[in-house]
Amino acid sequence: MTIAVGNTITYNDLIQDALTKIKSKCANIDGFASNVPASLKNGSTVNFHSQSFTQTLVPAIGYKSVARSAHTSYIRGTVNDSALTTVSSDTVKSELENFLSSRGVLVQAGTLISFKNMMTFYNNLASFLSAKLIYVTNAMNSGVFIFYNPLAVTYPTVSLTSDNTEYSSEEITTTVTDLLNAVNNVSNVHYASTTISYACSSSSSSSSSSSSSSSSSSSSSSSSSTYIVYMDI
């Protein structure tokens, strides 16, 4: 049933609504979104820049010698990042349900849910999202995308328990604290790990090349992305 004022809401309604919203926000569930560039897909190799150079001759006694052959230089990047893969809808559903079960939140799907239990559900959902949804980008201006993280993660704790009693003043404070802890989790910004290689090929021999490479990987922290996604869901 649609989550709306006046409707009877069950745990199953909340779970299905959450899964629908997660899938709509993430660019790597059941395949990559059409606008995700190759530079943010694990295993892809991308030419970031190329430059062609003409042959350079220098005068010598009785003839001209070649100081530099005509060639093209390339800067390429190969993505080596296991977080930048696709996941299936079934995997997302299974991981969310297992997480909720481990928190004691997942009960019979058709059970009606109280307001307090709904807040407990959403605080735990915020904990799940803060660790499993990541902002993906790189240093090559490839854009920013929300990915579902397929790797193992650590979730922020949620102290409020699921029961049918009324809110106490202490529990109201706990609810807000749990939510802020989830929103301020630092695991939600991910820079693609990319190996940069430099190569050149001579126009006289397509097999002639030389290269050197370095691996680039970094991470950063931000609270804004999780908050925006959580509020949307």
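This is a predicted model: local features need pLDDT of at least 70, side-chain atom pairs count only at pLDDT 80 or more; totals for chains, interfaces and linings use all residues.
After helix 2 comes Gly 104, with a positive phi near 75°.

Stepping back to the whole protein, the fold has 5 helices and 10 strands. Of its 233 residues, 36% count as buried. Take the contacts between residues at least 6 apart in sequence: 71% of these join residues at least 24 apart. The protein exposes about 12,400 Å², and carbon and sulfur atoms supply 51% of that area.

Helix 1 gets through the same sort of length check. It runs over residues 11-25, and its 15 residues should span 21 Å at 1.5 Å a residue; the end C-alpha atoms are 21 Å apart, so expectation and model agree. Its buried residues are Tyr 11, Asp 13, Leu 14, Ile 15, Ala 18, Leu 19 and Ile 22. What covers them includes helix 2 (89-102), helix 3 (115-132), strand 5 (133-137) and strand 6 (145-148).

With 18 residues, helix 3 reaches 25 Å from its first C-alpha to its last, close to the 26 Å expected at 1.5 Å a residue. It is mostly covered, too: 16 of its 18 residues are buried.

Next, the aromatic side chains. A pair of aromatic rings is described by the distance of the centres and the angle of the planes. The count for this model comes to 6 aromatic pairs. In one of them, the rings of Phe 121 and Tyr 122 have their centres 5.3 Å apart and their planes at 85°, so the pair is edge-to-face. Phe 121 and Tyr 122 are both buried. Phe 128 and Tyr 148 make a tilted pair, at 6.3 Å centre to centre and with 45° between the planes. This pair links distant parts of the chain, with Phe 128 in helix 3 and Tyr 148 in strand 6, 20 residues apart. Again, both Phe 128 and Tyr 148 are buried. These two residues also belong to an aromatic cluster, formed by Phe 99, Phe 128, Tyr 148 and Tyr 155.

Finally, the cysteines. The disulfide count comes to 0. Cys 26 has a relative accessible area of 8%, which is under the 20% cut-off, so it is buried. Cys 200 has 27% relative accessibility and therefore counts as partly exposed, a class that lies between 20% and 50%.

Terms used
Residues are numbered from 1 along each chain as its sequence is written. Side-chain values use heavy atoms; hydrogens and water are left out. Helices (H or I, at least four residues) and strands (E, at least two) are DSSP runs, numbered from the N terminus. Buried means under 20% relative accessible area, exposed over 50%, partly exposed in between (1.4 Å probe, protein chains only). Contact means heavy atoms within 4.5 Å. Accessible areas come from the Shrake-Rupley method with a 1.4 Å probe; for residues, only the protein chains shown count as cover. A disulfide is a pair of cysteine sulfur atoms within 2.5 Å. The expected span of a helix is 1.5 Å times one less than its number of residues. Rings of Phe, Tyr and Trp (its six-membered ring) pair if their centres lie within 6.5 Å; planes under 30 degrees apart count as stacked, over 60 as edge-to-face and the rest as tilted.
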